[in-house]
Amino acid sequence: MATVIVPSPLRPLCEGAATVEAAGATLGELLRAVDAICPGFWERTVEDGRVRPELSIALNGHAHRYGLSEPIAPRDEVAIVPALGGGR
Amino acid sequence: MTTIEKPAYKVIGTRPIRPDGVEKVTGKALYGADVHLPDLVHGAVLRSPHAHARIRSIDTSAAEALPSVLAVVTHADLPAVADTVIDTGEGVTRASDMSLNVLAGDKALYRGHAVAAVAATSAHEALAALDAIAVDYEPLPPVLSVRDAMRADAPLLDENRRTKQPDGALSDGPSNVAAHSRFEGGDLEAAFADADAVVEREFDTKMVHQGYIEPHNGTANWNPDGTLTVWTSTQGAFAVRAMLAELLRLPVSRIRVVPMEIGGGFGGKIGIYLEPLAALLSRECGRPVQLTMDRTDVFQATGPTSGGHMKGRLAVKDGVITAAEVSLAFEAGAFPGSPVMAGAMCMLSPYDVANFRVDAYDVVVNKPKVAAYRAPGAPNAAFCVEQLIDELAREANADPLAFRLRNSAREGTRMITGVAHPRIGHEETIGAARDSDHYQSPIEGPNRGRGVASGFWFNAGMQSSVVASVNPDGTVNLIEGSTDIGGTRASLAMQLAETLGIPYDDVRPTVADTDSVGHNDVTGGSRTAYASGQAVYEAGLDIQRQLVERAARLWECEAEDVSFVDGELRHASDADRRLTFAELAGKQMETGGPLQGRGSVVARSPGAAYGVHVVDVEVDPDTGKVDILRYTIAQDAGTAVHPAYVEGQMQGGVVQGIGWALNEEYYYNEDGRMENASFLDYRMPTSLDLPMIDTIIVEVPNPGHPYGVRGVGEVPIVPPLAAIANAIHDATGHRFTELPISPRRVVEELHHLR
Amino acid sequence: MKEIDYLAPASLDEAYAALQNGKTSAFLAGGTDIIVQLREGRKQVDQLIDVKHIPELMRYGWTDGGGLAIGASVPFAEIYEDAEIARRLPCLIDCATLVGGIQIQSRACFGGNIGNSGPAADTVPALIALGATLTLGSREGTRELPLEAFFTGPGQNVLAPGELIVTVNVPPQPARSGAFFHRFIPRNEMDIAVVNVGARLELDAAGERIAGARVSVGAVAPTPLFVEEAGAALVGQAPGEEAFARAADAAAAAARPITDMRGSIAQRVHLTRVLTVRALRRALERAREA
Amino acid sequence: MPMRRSHVQTTLNGEEIDFLCEPRQSLLEVLRDELGLTGTKEGCNNGNCGACSVILNGRVTNACCVLGVEAEGASVVTIEGVAEGDRLHPLQQAFLEEAALQCGVCTPGFIVAAKALLDAEPNPDEGRVRHWLAGNLCRCTGYDKIVRAVLKASDAQEVTA
């Protein structure tokens with residue numbers, strides 16, 4: 001299971017939880033798995049098959065615009081963070 | 001220098017002369033405005049005299065009728081753009097906003113907003129022709145500060161804009177607040193209730209400009225077959241190409257952007273202003289067109305960085321910072337996209353704070369759309385938080401550096417985003433500042449004071465690609481695509497020389513145009529020495545692999561039996577079998593043909609940068625003048641590739657911060673006119689305003705880079721505003737919460753003149 | 001910039017003729033103000049008259065009585081590099097070394113600084129404190145007037161059509177006198193004065209009382225001010241903080257500044273006091289050394 | 001369409017030349033646009049940054065605040081005239097060795113201004129260098145390495161003199 005760190009605006013979808021444990025071989029699968037636990041999560045993080053442009057994914061501490069096909073290992077930590085620059 | 005586990009490098013860590021140096025000290029280097037082409041004509045841009053106005057109509061017929069005029073364009077000449085976002089590397093921008101920024105649509109949203117552009121037989125004639133363009137404006141009341149813009153009855157820049165709220169929903173009513181974001185963690189109220197002491201203040205900062213000495217420029221040639229060549233001074237030729245393709249609806253392959261030398265950028269030369277206008281004018285008149293800004297245009301119509309309003313409340317318990325509640329509202333300018341989120345995410349990152357709530361508001365106002373400026377958002381936010389931390393340290397009776405060390409973030413500490421820090425060097429950097437001769441020397445004398453502050457910046461990674469060609473004589477040509485603003489040709493050539501075990505002088509780097517090298521993201525985010533350096537390293541490894549294979553072929557052995565050591569090919573068991581790099585380079589034809597190395601990376605682990613600054617000031621209480629007596633900056637560079645240019649980044653960032661702290665501001669009148677849009681009254685520091693800036697390079701290698709490199713360019717501007725305010729407080733006993741801390745503000749506050 | 005004619009008269013008579021050829025004119029000496037004003041559209045004229053080829057405007061020298069006559073277009077750098085001037089009239093050096101940076105001082109001149117008639121002109125309070133006069137010339141002849149009588153408003157002065165500044169005259173300085181020019185700017189160079197003050201003190205034979213004083217303040221009114229009340233407050237007094245404070249009060253009372261990007265009303269009134277006292281202190285030191 | 005243009009004879013970097021220009025063109029425009037000497041840079045075009053520093057009749061000045069027609073009979077030295085053939089001026093060498101440039105756009109102005117200083121005063125101290133260069137803005141370096149380079153060049157001149 002990977003650990004997903006839920007940003008505060010999305011915690012209402014997850015009954016207030018700051019982290020969610022879920023399984024997925026890729027980032028996309030992982031976000032789908034979180035969506036199953038926290039309905040609405042997918043829509044808030046993905047747009048047109050990509051992580052939303054205003055968001056960035058931090059995989060084990062390194063933030064980057066990862067694609068949904070990025071492989072995820074069982075003990076990875078995945079955080080959803082705002083993209084730097086903040087422009088829209 | 002504080003050095004941790006640093007391997008013995010041959011080239012890295014030396015201070016060679018930069019490859020482009022001679023051209024730059026002899027005046028031969030060609031910057032954007034130095035482009036001269038056959039049949040070149042010049043243009044000029046008509047700009048809105050109003051900060052906020054509806055444009056009822058634009059009549060260009062009289063201008064077009066002038067014999068000197070070759071072309072006139074307005075927003076109507078721009079194609080409709082797709083509703084997409086363009087990722088320029090240092091932030092994303094909506095294409096429609098960009099289109100409306102380069103030429104105003106039905107509204108002028110700031111004074112200086114481009115409304116039309118003209119090409120004529122000379123620059124003087126183009127300027128004169130602007131008078132012949134009739135624009136019918138309906139002036140509207142301008143909104144000039146975040147506080148005014150956030151009022152319920154504020155005039156709206158865009159009647160259709162709704163606030164994107166923390167929960168993702170849009171507000172019911174229209175607003176100038178484009179977005180409200182929030183970070184929360186822990187139990188804030190309990191922490192405040194349990195605190196030994198709580199400090200709380202509000203802070204205000206003004207819009208400031210990067211202040212690069214070279215004004216923006218753009219030269220374009222649009223051929224009848226729809227191919228476009230653009231020569232410009234930019235931090236990112238590929239970003240310019242992407243934006244032009246989007247705005248002009250051209251295939252990317254049809255656009256060639258030639259990056260000229262650039263006279264400073266600091267984030268402000270990522271966006272485009274003149275390039276699309278020059279392109280449209282060239283299309284219309286069939287000749288190459290050059291546009292340049294004057295200094296007033298640069299101030300009024302490019303992208304400065306945000307001013308804003310901040311509120312902070314911090315708590316301490318037993319010497320530990322237990323709670324932080326901070327609200328930041330930043331001016332985005334005419335279109336959404338202030339760096340408020342970056343500020344929000346940076347300001348607490350030097351520390352371990354368990355309980356927090358951070359609110360960030362992105363607010364549009366009738367000022368130019370902000371652009372990136374060196375660690376965008378972080379200096380303003382640090383001005384708030386680092387002053388409050390200074391107060392907390394006093395409340396806790398602690399030395400301000402010891403207090404910071406006690407509360408410092410380290411590997412594993414979680415930031416407010418929930419992300420854990422990788423290996424970082426804040427503690428080592430605090431230690432270096434604390435042990436410095438400066439901090440160990442007492443400060444004496446009346447009206448003098450010392451201040452310290454810490455700063456954090458994420459640094460960026462992103463994409464880089466390079467090609468290196470090995471010549472028969474053993475020299476190497478390195479083709480890269482990263483604009484060299486401050487010596488990166490040198491730092492990249494050094495990393496390739498190190499990887500190949502050859503002398504620095506044997507590597508010759510060239511910054512190529514967009515047709516001639518693979519994609520490179522902008523020179524920004526302190527990424528070039530790090531990320532393009534990683535690409536260079538990959539190219540070096542690629543060459544190494546090929547050399548080993550070729551040596552194996554020559555020696556008729558297995559590749560496993562060949563090693564590449566110190567620039568030499570060696571056989572594992574036969575000591576007589578050796579080839580130098582140059583020897584093997586001379587045998588390319590017989591070993592497989594031209595030898596090229598390729599490096600193409602998405603750099604994902606930039607490694608954060610920390611700086612800790614110590615400053616001594618003297619305040620003249622009668623005139624309000626603040627003199628910088630001594631300044632020391634300690635900063636974690638990971639590994640300093642070219643220490644002189646690392647020091648240069650540190651010194652330059654500090655001095656921009658000193659200007660921001662003491663004198664620089666956009667001074668607006670109530671109509672939204674910037675009254676000090678010149679280098680006379682926008683007061684950047686001169687050589688006479690400064691002492692030498694002492695630097696301490698700390699090296700905590702970045703595990704995410706083969707040589708441990710961390711970006712160094714941006715973080716030096718983060719602490720100065722707060723460090724200087726803390727020093728002035730130490731000198732005067734008065735806390736200044738508004739920037740700039742100009743002589744006017746100092747005398748007015750110290751003598752209660754307001 | 002709009003199209004413009006350029007004339008370079010070689011004599012005063014040629015210059016006077018050029019001034020009366022029916023076109024609107026501006027003078028070009030150092031060019032550091034006028035070229036920028038024309039380029040930025042703040043001024044428009046038909047022709048520029050380059051006055052640097054007129055011998056009378058390009059030389060300076062000591063008069064028989066010990067005064068200094070400075071051709072209007074002599075660059076500041078020539079003045080402040082003159083050791084004799086530095087020794088005898090250090091107050092002139094105070095101001096000449098402060099106008100802009102080195103590049104500006106290579107070309108800018110007293111005549112230009114005065115003729116431009118900015119309220120914050122750095123040479124003017126110094127020259128007023130020194131009791132300087134101007135010699136204005138025209139086809140009709142010359143006239144001389146005290147510098148303080150020259151200015152009528154921001155960018156405006158008494159220069160008649162067809163007239164130009166020929167020399168700036170610094171009279172012989174009284175015995176036992178000293179003068180100092182003090183300017184406040186936010187940076188250490190390159191700014192326009194927030195306030196500037198020129199002050200001259202003359203001591204009596206015993207050196208115990210102030211026998212005469214002149215105080216001038218710039219950037220606090222539409223024109224540089226000659227504050228006679230400040231001088232009057234000093235005459236007969238023992239030189240020192242008490243008298244200087246009274247003079248400073250008089251100067252502040254005369255100030256009627258505005259708030260703009262260079263300073264606020266409150267700051268400028270406050271600085272008028274501070275700078276007047278500081279200028280008087282230094283003037284006293286120089287008077288005692290004299 | 002060509003405006004009325006004046007014929008100007010001048011000595012540029014030691015060479016007698018002539019050119020045509022409109023009276024409204026600054027010396028900076030003439031150097032860059034008419035004579036192709038683009039080493040002299042425009043930073044502000046109003047005398048406040050020193051990027052266009054040239055030496056006019058022995059004194060350093062801003063070419064943006066001089067008209068091209070004023071160069072008649074004058075001697076002008078630009079950055080292109082500072083090195084002697086392939087021998088760099090000690091200032092240029094010192095700027096390279098001290099890493100006294102980053103973007104480099106202010107560099108020609110600094111070198112020309114500093115040359116005027118060292119021509120007049122071979123041994124300036126730090127304070128004098130800072131004072132002399134206050135009319136030249138640099139936004140990249142914080143001036144530290146520029147000041148060091150000028151001091152180093154002054155020492156180097158002494159050695160070679």
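**Reading backbone and burial in a predicted model**

Author: B:Pro740 sits in the loop between helix 20 (720-732) and helix 21 (743-750) of chain B, and the model in which we look at this residue is a predicted one.

Reader: What makes the peptide bond from B:Leu739 to B:Pro740 stand out?

Author: The bond that runs from B:Leu739 to B:Pro740 is cis, with omega near -10°. Most peptide bonds are trans.

Reader: Where is B:Phe266 found, and why is B:Phe266 called buried?

Author: B:Phe266 lies in the loop of chain B between strand 16 (255-259) and helix 8 (275-285). A residue counts as buried if 20 or more other C-beta atoms lie within 10 Å of its own, and B:Phe266 has 30 other C-beta atoms within 10 Å, so B:Phe266 is buried. B:Phe266 also has a positive phi of about 60°, although this residue is not a glycine. Most residues other than glycine have a negative phi.

Reader: Is B:Asp566 buried or exposed, and how do you know?

Author: The cut-off for exposed is 12 or fewer other C-beta atoms within 10 Å, and B:Asp566 has 10, so B:Asp566 is exposed. B:Asp566 is placed in the loop between strand 25 (562-565) and strand 26 (568-571) of chain B, and its phi, near 50°, is a positive value in a residue other than glycine.

Reader: How many residues does the contact take from chain D and from chain C?

Author: Chain D gives 24 residues to the contact, and chain C gives 22 residues. On the side of chain D that touches chain C, the largest share, 4 residues, comes from strand 4 (residues 59-62) of chain D.

Key: Residues numbered from 1 in each chain as written. Chains lettered and ligands numbered in written order. Predicted model: local features only at pLDDT ≥ 70, side-chain atom pairs only at ≥ 80, totals over all residues. Contact = placed C-beta atoms within 7 Å. Helix = DSSP H or I, 4+ residues; strand = E, 2+ residues; numbered from the N terminus.
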